[in-house]
Amino acid sequence: MGYPELKNDRLIKALLRQPTDTTPVWIMRQAGRYLPEYRETRKRAGSFLDLCKNKELACEVTMQPLRRFPLDAAILFSDILTVPDAMGLGLYFETGEGPRFERPVRSRADIDRLPEVDPEASLGYVTGAVRRIRRELDGAVPLIGFSGSPWTVATYMVEGAGSKDQAAARALAYRDPSLFQAMIDMIVETSTTYLLGQVAAGCRALQIFDSWSGSVPEDAFSRWCIAPTKEIVARVKRQEPEIPIIGFPRGAGPSAVRYARETGVDGVGCDTSLPLAWIGEALQSLVPVQGNLDPVLLATGGPELDVRVGQILAELGQGPFIFNLGHGILPDTPIAHVERLVRLVKGDGAA
């Protein structure tokens, strides 16, 4: 399919190491609860999962932040757990407690019960939303598609929910690495097809969220974080070599350097904990970088926000760089603070 010509291609240029007139900026979870129009739309949908699975409303909430702020990308409204949901694990969301699975994966029998997933059939609501968003955007900015990393998705599948330390998944990987590898391989297969479907429907860039890479010990990081991500990137690139891919190994620390060198991603998202000077020296020399303002500071605002935005731009803005947060925007973030942030990044600091 042909894409409409991009009117704003700053994000793509930055990921291709090409010069941009201003630093591109988008915000993780930019379509979210801090926006009153999002809260109204979610109320209409009935639940978070119903919102994800309604292509018209998913398109609506994807577009909402772009109507308020001059951002340089849209990101598909969905969830990293759509893949295991398609595997039949029974995803649901407990109010105030996050995602849960009715049937977690903890044994060989559990693995054997997992069906072969046809992403177009079981995840067609996502590609349907992408097609609607593509038409709505009409080339205004690129649309970013995404998936969870195999490691992060596997932690939820084993735990049956989110957890503080992913101990059950780590224990299974130690106790039965071949079983855990079988699960990882299934996630790689499904995620690759899923991401390619998003590209075919209209996404112009992709991000792989490795939200729990920080819980993987250094000696296991290569096997469970780097290798599966490398496989997904290689498979996607074989079919869609022009599509840039951002990896976000949250909490990886110094291992982010190996991640950047070995996975084949076109850019690396940096969490809030990484020092700016280190990002510039260790990572930005290898790949374009993205990040890493503290979401708490954005919610707090004030003079410290201006100072930190200036520091990030001074340290990283001369290299290939995309301004973003070090994690997702917080629900209590005032809209005025987001407006201020975007003005500062665009070089218009006037209040």
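**Close-up views of a predicted model**

**View 1. Helix α4 (residues 55–68) and helix α8 (residues 124–137) pack at an angle of about 40°, with their axes 8 Å apart.** That angle makes α4 oblique to α8, because angles under 35 degrees count as roughly parallel, over 145 as roughly antiparallel, 65 to 115 as roughly perpendicular and the rest as oblique. Axes are lines fitted to C-alpha atoms, for helices over the stretch in contact, and angles run from 0 to 180 degrees between N-to-C directions. The crossing of α4 and α8 is right-handed (the near helix is turned clockwise from the far one by less than a right angle). In α4 the residues that meet α8 include Ala58, Thr62 and Leu66; among those of α8 that meet α4 are Ala129, Arg132 and Ile133. Contact means heavy atoms within 4.5 Å. Helices (H or I, at least four residues) and strands (E, at least two) are DSSP runs, numbered from the N terminus.

The model is predicted: local features need pLDDT of at least 70, side-chain atom pairs count only at pLDDT 80 or more, and totals for chains, interfaces and linings use all residues. Residues are numbered from 1 along each chain as its sequence is written, and side-chain values use heavy atoms, with hydrogens and water left out.

**View 2. Helix α4 also packs with α2 (36–45).** The axes of α2 and α4 come within 10 Å and cross at roughly 170°, and the two helices are therefore roughly antiparallel to each other. Pro36, Glu37, Tyr38, Thr41, Arg44 and Ala45 are the α2 residues of this contact; Leu57, Glu60, Val61, Gln64 and Arg68 are those of α4.

**View 3. Gln30 is placed in the loop between α1 (10–15) and α2.** Gln30 counts as buried because its relative accessibility is 1% (buried means under 20% relative accessible area, exposed over 50%, partly exposed in between, with a 1.4 Å probe and protein chains only). Neighbours within four places in sequence aside, the contacts of Gln30 include Pro65 and Leu66, as well as Ile75 and Ile329.

**View 4. Val153 lies in helix α9 (residues 150–159).** This residue is buried, with a relative accessible area of 1%. The C-alpha atoms of Val153 and Leu81 are separated by 6.7 Å, although the two are 72 residues apart along the chain. Beyond its neighbours within four places in sequence, Val153 touches Ile80, Pro84, Gly148 and Ile187.

**View 5. Helix α11 (residues 177–201) packs against α12 at an angle of about 30°, with the axes 10 Å apart.** The pair is therefore roughly parallel, and α11 passes α12 in a right-handed crossing. From α11, residues including Phe180, Ile184 and Val188 take part; from α12, Trp224, Ile232 and Val236 are among the partners.

**View 6. Strand β8 (residues 289–293) pairs with β9 (residues 321–325) in the parallel sense over 5 bridges.** Two strands pair if DSSP finds at least two bridges between them. Gly291 has Phe323 as its bridge partner in β9. Strand β7 (residues 267–269) runs parallel to β8 and is joined to it by 2 bridges; here Gly269 is partnered with Gln290. In β8, 5 of 5 residues are buried.
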